[in-house]
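The following paragraphs lead the reader through a protein model. Please keep the sequence and the structure in view while reading.

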Amino acid sequence: MNTKPQVLLVSRGEDSDLKEILRRRASLAEAGSIPEMVRELAGQEFDVIVCEREFSEGTWREALRELQARRVAAPAIVVSQTSGVDEGIEEWAEVLEAGAFDLLLAPSREYSVLTMIEHAVASGQARTLRRAV
């Protein structure tokens with residue numbers, strides 16, 4: 001990435017490795033609830049939206065439904081704490097079926113986070129170009 005991506009993190013607001021990685025490598029905005037997420041989306045365009053499983057007022061499912069209802073073009077990544085392989089595969093399928101770009105397992109390594117963000121940004125840009133044609 002040549003410039004820092006614009007990332008909206010929808011989370012509980014607690015400090016985490018993920019948040020620290022995003023602070024260093026992205027232009028980061030934060031929301032702790034779906035109404036806060038909606039306010040952030042009204043004021044700025046984002047390249048990627050990262051949602052924790054649950055936050056102060058809502059869940060990733062509710063956030064995805066709101067993003068879809070508002071036709072937000074930015075891809076959404078859901079962060080999971082799942083540790084088991086079988087649970088992870090089921091959750092990954094559920095997240096994709098709900099319309100998310102991908103599932104990021106936490107705790108995350110910087111390389112994994114940055115690679116997924118880059119892929120999500122590229123995917124969002126490709127969708128925008130396809131719509132313009």
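Which elements make a right-handed β-α-β unit? The unit is made by strand β1, helix α1 (residues 17-25) and strand β2, where right-handed means that, with the strands pointing away from the viewer, the path from the first strand over the helix to the second runs clockwise. Helices (H or I, at least four residues) and strands (E, at least two) are DSSP runs, numbered from the N terminus.

The model is predicted: local features need pLDDT of at least 70 and side-chain atom pairs count only at pLDDT 80 or more, while totals for chains, interfaces and linings use all residues. Residues are numbered from 1 along each chain as its sequence is written, and side-chain values use heavy atoms, with hydrogens and water left out. The pLDDT, the predictor's confidence in each residue from 0 to 100, has a mean of 86 for the protein, with 86% of the residues reaching 70 or more. Confidence is highest in β1, at 96, and lowest in helix α4 (residues 85-97), at a mean of 77.

The strands form an open sheet of five, in the order β2-β1-β3-β6-β7, with parallel pairing; two strands pair if DSSP finds at least two bridges between them. At the edges stand β2 and β7 (102-105), each of which pairs on one side only. On average, neighbouring strands of this sheet are turned by 25° against each other, direction ignored.

Strand β1 (residues 6-10) has four of its five residues buried, that is, under 20% relative accessible area with a 1.4 Å probe and protein chains only. Five bridges join β1 to the parallel strand β2 (residues 27-31), and Q6 has S27 of β2 as its bridge partner. Four bridges join β1 to strand β3 (residues 48-52), also in the parallel sense, and V10 stands opposite C51 in β3.

Helix α1 lies across β1, β2, β3, β6 (76-80) and β7, and runs at about 140° to β2. Angles run from 0 to 180 degrees between N-to-C directions, and axes are lines fitted to C-alpha atoms, for helices over the stretch in contact.

Helix α5 (residues 110-132) includes V113, which is buried, with a relative accessible area of 1%. Leaving aside neighbours within four places in sequence, V113 is in contact (heavy atoms within 4.5 Å) with L18, I21, L22, L104 and S108. The C-alpha atoms of V113 and L18 are separated by 7.6 Å, although these residues are 95 apart along the chain.

Technical notes: Buried < 20%, exposed > 50% of the residue type's maximum accessible area, 1.4 Å probe, protein only.
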